[in-house]
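Visitor: I have a new model open and would like to learn how to read it. Could we go through it together?

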Amino acid sequence: PALATVPVHAPGLDSGRLGLPPHVKLVLLGDSGVGKSCLALRFKHGCFDPGCRTTVGAAFTAATVTVPGSGATCKLEIWDTAGQERYMSLAPLYYRGAHAAAIVYDITERRTLAKAQYWLEELRRYAGHSMVLMLVGNKSDLVSQRQVGEEEGRQLADSIGALFVESSAASGSNVAEVFEGVAGRLAGGMPVSVN
Ligand code: GDP
């Protein structure tokens, strides 16, 4: 039901034609400090610096994303945890109606990869419906501090049926791929069950 086509066509957007809802809700998950807010900011504003950071924990960002392979665009609502993940549980409202989730870890902190499984379980518990999953190994610019190999991340992603990418909000590497990858998978009609 989360992926049902909603027969509303937002002006200037092609989501209806692609079988996407007019607003795709993507929730960001992962431990505090892995770079969730920075990824959203980099994608939306193309910047990475303290001046670009919001003062109040931002609840969500809306961005237009190009769906790979189609040239079409759709509207993404990127939900950020606003720091609530520190309490190890997010409000059910956070997950409600989400079409996709990006579980982010920090390649320089092994424990954040181990916690990806925890966030997946949270998602299963509260979302309870199929959605597209993306596993993101962020901070790929910190080459000398790497604790988690790329192949390890990819294997975990494969085992949970998620897409995978290593990104850097700092350099901008593969940031668009996170958001476009989610939109592409949704448009391709291949939701991954998290049940
Ligand atoms: P969140 O708690 O997951 O939202 O993490 P933030 O977006 O607040 O980022 C936490 C810290 O990691 C900040 O000091 C960022 O500057 C830093 N950071 C985020 N992404 C990257 C990245 O790709 N590379 C590097 N080197 N630092 C990053």
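**Reading helices, a hairpin and a ligand shell**

Guide: Gladly! Keep in mind that this is a predicted model. Let's begin with two helices: the axes of α1 (residues 36-45) and α5 (residues 175-187) come within 9 Å and cross at roughly 85 degrees.

Visitor: Which quantities describe two packed helices in general?

Guide: The angle between their axes and the distance between the axes. Here, angles of 65 to 115 degrees count as roughly perpendicular, and α1 and α5 are therefore roughly perpendicular to each other.

Visitor: Which residues of α1 and α5 meet?

Guide: From α1 come Leu39, Arg42 and Phe43, and they meet Val175, Ala176, Val178 and Phe179 of α5. Sorted by class, this contact has six nonpolar residues, one charged residue and no polar ones.

Visitor: Let's turn to the strands. What happens to side chains along a regular strand?

Guide: They alternate between the two faces of the sheet. In this model, strands β2 (residues 60-66) and β3 (residues 73-79) run antiparallel and are joined by seven bridges. To find your place in the pairing, look at alanine 63, which stands opposite leucine 76 in β3.

Visitor: How many residues lie between β2 and β3?

Guide: Six, and the two strands form a hairpin. In its turn, glycine 69 has a positive phi of about 85 degrees.

Visitor: And the ligand: which residues are closest?

Guide: Gly35, Lys36, Ser37, Cys38 and Ala170 are the closest of the 15 residues that surround the ligand. Helix α1 returns here, giving the most to the shell with three residues. By class, the shell has seven polar, five nonpolar and three charged residues.

Note on methods. Residues numbered from 1 in each chain as written. Predicted model: local features only at pLDDT ≥ 70, side-chain atom pairs only at ≥ 80, totals over all residues. Axes fitted to C-alpha atoms, helices over the stretch in contact; angles between N-to-C directions. Helix = DSSP H or I, 4+ residues; strand = E, 2+ residues; numbered from the N terminus. Parallel < 35°, antiparallel > 145°, perpendicular 65-115°, else oblique. Contact = placed C-beta atoms within 7 Å. Nonpolar A, V, L, I, M, F, W, Y, C, P; charged D, E, K, R; others polar. Pairing = 2+ DSSP bridges. Near = placed C-beta within 6 Å.
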